[in-house]
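I opened this entry to note what I looked up. The model comes first, then my notes.

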Amino acid sequence: TLEVAGETKPLKISFQKPLPDAKSTVARTSDRSSIFTATSDSLSDLMAQPNDLRDDKLARVKEKDLEEIVIESISHPDVVLKRQNDSWYLMRHGKLEPANGNRLEIMVEALTTHRIREFSSDSASDLATYGLTRPFLSLIWKKTDKSQEKLNFGQGGDGGVFANLEKQSFVYRVAAGVLAAFPTDPVKWK
């Protein structure tokens, strides 16, 4: 549907869904009775499903906007990483020690590039099904603007790994391999 300057009614263009690998399809417009043949190598791009329009990344994080990262785990003590003067430090035994910068880059890259396998639920009302009522791993990042986000990971009854950003209602399945980017043992962050 297009708003056209000078026209009182919006122009509607309807495409018939093309067959897989089709190079043409039928199109109709609301202002003409004619039927057109539309040709394109990218017709399938016009036939988006709801999940095609969602962001399929775990999170949108920019390292420069981060102030603190906490990794909570049911198997290890919390890992607390703090940024000071453009360097990252690990809180260990009540003191700040230099943190492994390469590992931090791997973590941020995993958050911003790892693709969600599938959107499993549009509602966070039944988190127990996905093992998210008591997550085995949580990432909490605090930004320089004092906002905070929390990403929880749980294991569903089918053995799959699921994730949920606490401020969103979506639950999604992720590849278990992404967990390697978030080590829960504080020693690995030295």
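This is a predicted model: local features need pLDDT of at least 70, side-chain atom pairs count only at pLDDT 80 or more; totals for chains, interfaces and linings use all residues.

Residues are numbered from 1 along each chain as its sequence is written, and side-chain values use heavy atoms, with hydrogens and water left out.

I looked up the pairing of S11 next. S10 (residues 148-155) runs antiparallel to S11 over 5 bridges; strands here are DSSP E runs of at least two residues, and helices are H or I runs of at least four, while pairing takes at least two DSSP bridges. The S10 and S11 hairpin has 5 residues between the strands, and Gly 159 there has a positive phi near 90°.

Is S11 buried or exposed? I found 5 of its 5 residues (161-165) buried, so S11 is largely enclosed by the rest of the structure. Buried means under 20% relative accessible area with a 1.4 Å probe, protein chains only. Val 161, Ala 163 and Leu 165 cover one side, Phe 162 and Asn 164 the other.

Last, I checked the lining of the largest cavity. H1 (101-113), S4 (66-73) and S9 (137-143) each supply at least two residues, and H1 gives the most, with 3.

Methods
Buried means under 20% relative accessible area, exposed over 50%, partly exposed in between (1.4 Å probe, protein chains only).
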